[in-house]
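Please view the sequence and the structure before reading on.

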Amino acid sequence: DTSISMTEKITEEEKERLKKSITSGPGEEKDPRRPLDWSKINCKLDLAREEIIRSLEVMDPERTMFTIISFAEGATPWKEELVATNEKNVEEVAEWLRKIKGSKRTNVFGALDAAYDLSETIAGTEVDKRKSKKKKKDKDGPVTGLHRDDALPDTIFIYTDGYATWGKYSGEDQLWASKSNQEKAALYAPIMKLMIEEVKDRNRIARITLNCVGVGERQDTTTLGALARACGGSYVQIGR
């Protein structure tokens with residue numbers, strides 16, 4: 001999530017709450033990552049990118065492939081393929097992440113839609129690769145390498161700080177401006193249920209585990225929790 005709310009300055013009180021939610025050094029709760037440098041964390045976007053970077057640094061490149069999609073009103077993939085978590089790729093994505101400037105509103109469905117689209121594209125590419133290898137099977141010997149399913153995304157982590165405020169499924173538009181918080185909640189809830197149903201339906205084919213990470217005081221706990229449950233994942237709340 002690179003929406004404008006992710007760039008709001010974190011107060012010292014909020015930072016202390018965040019510290020309690022996140023292990024701060026190697027060995028704590030079996031966390032193998034390097035310590036987080038809190039002097040560089042001024043907003044939730046800082047926290048998101050540094051957490052991603054230090055997590056990627058300890059992932060086995062022989063077993064783990066990844067890409068990242070940043071999202072606000074639109075969604076932008078870092079790479080439209082999965083790459084290994086080797087030093088070169090992690091350094092490259094770290095540079096990309098640290099250049100992102102937060103802006104605009106939060107399109108939760110747009111981010112998930114982009115992730116599933118990318119998964120389907122990768123699936124098609126891998127099928128084509130294996131078909132190409134099979135044509136040469138009699139001449140060059142048996143097909144080797146990853147099974148097609150091993151090359152596909154099997155997990156999504158969505159990291160966000162708030163509510164869906166833009167896109168196909170969202171709330172808080174101009175028509176809601178004069179309504180009370182209770183009225184807004186009553187309008188928002190059924191919209192999110194529709195979004196969850198569409199994501200769940202799409203996931204029947206993709207079979208991807210969806211984990212949700214919420215950060216900060218103002219999280220849509222109902223939607224993020226339901227999304228994770230619908231797709232076999234977990235919801236973690238940071239800083240609440």
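Helices (H or I, at least four residues) and strands (E, at least two) are DSSP runs, numbered from the N terminus. By this rule, the protein holds 7 helices and 7 strands. Their order along the sequence is α-α-β-β-β-β-α-α-α-β-α-β-α-β. The model is predicted: local features need pLDDT of at least 70 and side-chain atom pairs count only at pLDDT 80 or more, while totals for chains, interfaces and linings use all residues. Residues are numbered from 1 along each chain as its sequence is written, and side-chain values use heavy atoms, with hydrogens and water left out.

Of the 240 residues in the protein, 41% count as buried (under 20% relative accessible area, with exposed over 50% and partly exposed in between, for a 1.4 Å probe and protein chains only). The accessible surface comes to about 14,100 Å², and carbon and sulfur atoms account for 49% of it; areas come from the Shrake-Rupley method with a 1.4 Å probe. Where contacts (heavy atoms within 4.5 Å) link residues at least 6 apart in sequence, 64% join residues at least 24 apart.

**Buried residues of note**

| Residue | Relative accessible area |
|---|---|
| S119 | 8% |
| F109 | 7% |
| Y169 | 10% |

S119 belongs to helix α4 (residues 108–135). Beyond its neighbours within four places in sequence, S119 is in contact with P153 and I208.

The structure holds 3 aromatic pairs, that is, rings of Phe, Tyr and Trp (its six-membered ring) with centres within 6.5 Å; planes under 30 degrees apart count as stacked, over 60 as edge-to-face and the rest as tilted. One of them joins F109 and Y169, whose ring centres are 5.0 Å apart and whose planes stand at 80°, so the pair is edge-to-face. Because F109 lies in helix α4 and Y169 in the loop between β5 (155–160) and α6, the pair ties together parts 60 residues apart in sequence.

**The second largest pocket**

A pocket is an open set of points on a 1 Å grid over the protein atoms alone, where a 1.4 Å probe fits, with protein on both sides within 12 Å along at least five of seven lines; lining residues have an atom within 4 Å of a point. The second largest pocket holds about 350 Å³ of space. Its lining has 18 residues, and Y163, A185, Y188, A189 and D220 are the closest to its centre. Two or more lining residues come from each of α6 (181–206) and α7 (221–230), and α6 gives the largest share, 8 residues.

Note on methods:
Grid points are joined across faces, edges and corners, and a volume is the space filled by probe spheres set on the points.
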